[in-house]
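Me: I am new to this structure and would be grateful for a close look at a single part of it. Please take the salt bridges and explain them in one connected account.

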Amino acid sequence: MTNSTPRVTRRRVLGTTGPEVSALGLGCMGMSDLYGPADEAESVATVHAAVDAGVTLLDTGDFYGMGHNELLIRRALRDRHRDDVAISVKFGALRDADGGWHGNDNRPEAVRNFLAYTLRRLGTDHVDIYRPARLDPAVPIEETVGAIKEEVEKGRVRHIGLSEVGADTLRRAHAVHPIVDLQIEYSLISRGIEGSILPTARELGIGITAYGVLSRGLISGHWTASRRTDDFRAVSPRFQGDNLDHNLSLVEALRAVAAEQGATVAQLAIAWVLAQGDDIVPLVGARRRDRLTEALGALDVTLTEADLARIEAAVPADAAAGDRYAPALMAHLDSER
């Protein structure tokens, strides 16, 4: 860890029954998949820097790089104490050797299969939070959560979470076993959960782990209209044509507010998510130590009600142009089972 990396001292509890974790978590997906090539040595160094700085929540998926991300985390934690971190794992996505996507498998037998492979790749005897990555339309959520509950009883899973589901699914799953957190996209320009999902989570005592807090780099302050990418953002509606121009204009409005705070755009955007409630833990997808240091600096940004009002004026709800995903990748929150 470099001397300039902030120390994370703030903690939050995931839901009413979940673990206490650092107020910011590290999303590890980009170290293995979907955002172009990554430097594995730098990725491991970034995980080390995060853990050494006090980050205790690491988020992964067994399909990130087809298992590569779990193996990378195992390598990074080899010289660290396992119980110093909470590892959150998503499962169920079906992929092929070309990186293609083929739906989700959340059958009870698939739960047991995926978990067995995850435990072996991570080199651990338990996962702290285990969750289906998306709903499987062929399997009632009660069956999936029931299968994970059996793994909780066996000690191989500590807590159950969900990802990208709506209010009705939250209620049905929570009736089978306490759900500690819902992992879902939430940022200044992705505020769809505020209608029914966030109120339902709060009613049930379910925390939120918010991913996409910088909208895949779009509102990081580092994206430019001339930047080109060959990763999945190349087909993301928010990064296309007039949509991109409009969205970058929002970033510039945010930059003016950030300058008054002595913060970067990324820090202000992360601080806004932090300010939405103590039941929300933002996940930052830093792949490099310098980006991690910048993100952790958000914990030192204190926003008053007046500051929040200025941010809302700069980037109103529903201000973004374009959907957050291409249609094929959208989660179907309203057609749940």
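Reply: A residue counts as buried under 20% relative accessible area, as exposed over 50%, and as partly exposed in between. By that rule E194, at 27% relative accessibility, is partly exposed. Its salt-bridge partner is R191, and the closest N and O atoms of the two are 3.1 Å apart. R191 is buried, because its relative accessible area is 14%.

The model is a predicted one, and it holds 22 salt bridges. Among them is the pair of R121 and E70, whose closest N and O atoms are 2.5 Å apart. R121 belongs to helix α3 (residues 108–122) and E70 to helix α2, so this bridge ties together parts that are 51 residues apart in sequence. R121 counts as buried at 18% relative accessibility, and E70 counts as buried at 0%.

Since R112 lies in helix α3 and E150 in helix α4 (residues 141–153), the pair ties together parts that are 38 residues apart in sequence. R112 is partly exposed, with a relative accessible area of 35%, and E150 is partly exposed as well, at 37%.

Helix α2, which contains E70, also meets another helix. The axes of α1 (residues 40–53) and α2 (residues 68–77) come within 9 Å and cross at roughly 55°, which makes α1 oblique to α2. This crossing is right-handed.

Key: Residues numbered from 1 in each chain as written. Predicted model: local features only at pLDDT ≥ 70, side-chain atom pairs only at ≥ 80, totals over all residues. Heavy atoms only, no water. Axes fitted to C-alpha atoms, helices over the stretch in contact; angles between N-to-C directions. Helix = DSSP H or I, 4+ residues; strand = E, 2+ residues; numbered from the N terminus. Parallel < 35°, antiparallel > 145°, perpendicular 65-115°, else oblique. Left-handed = near helix turned anticlockwise from the far one by under 90°. Salt bridge = Lys/Arg side-chain N within 4 Å of Asp/Glu carboxyl O. Buried < 20%, exposed > 50% of the residue type's maximum accessible area, 1.4 Å probe, protein only.
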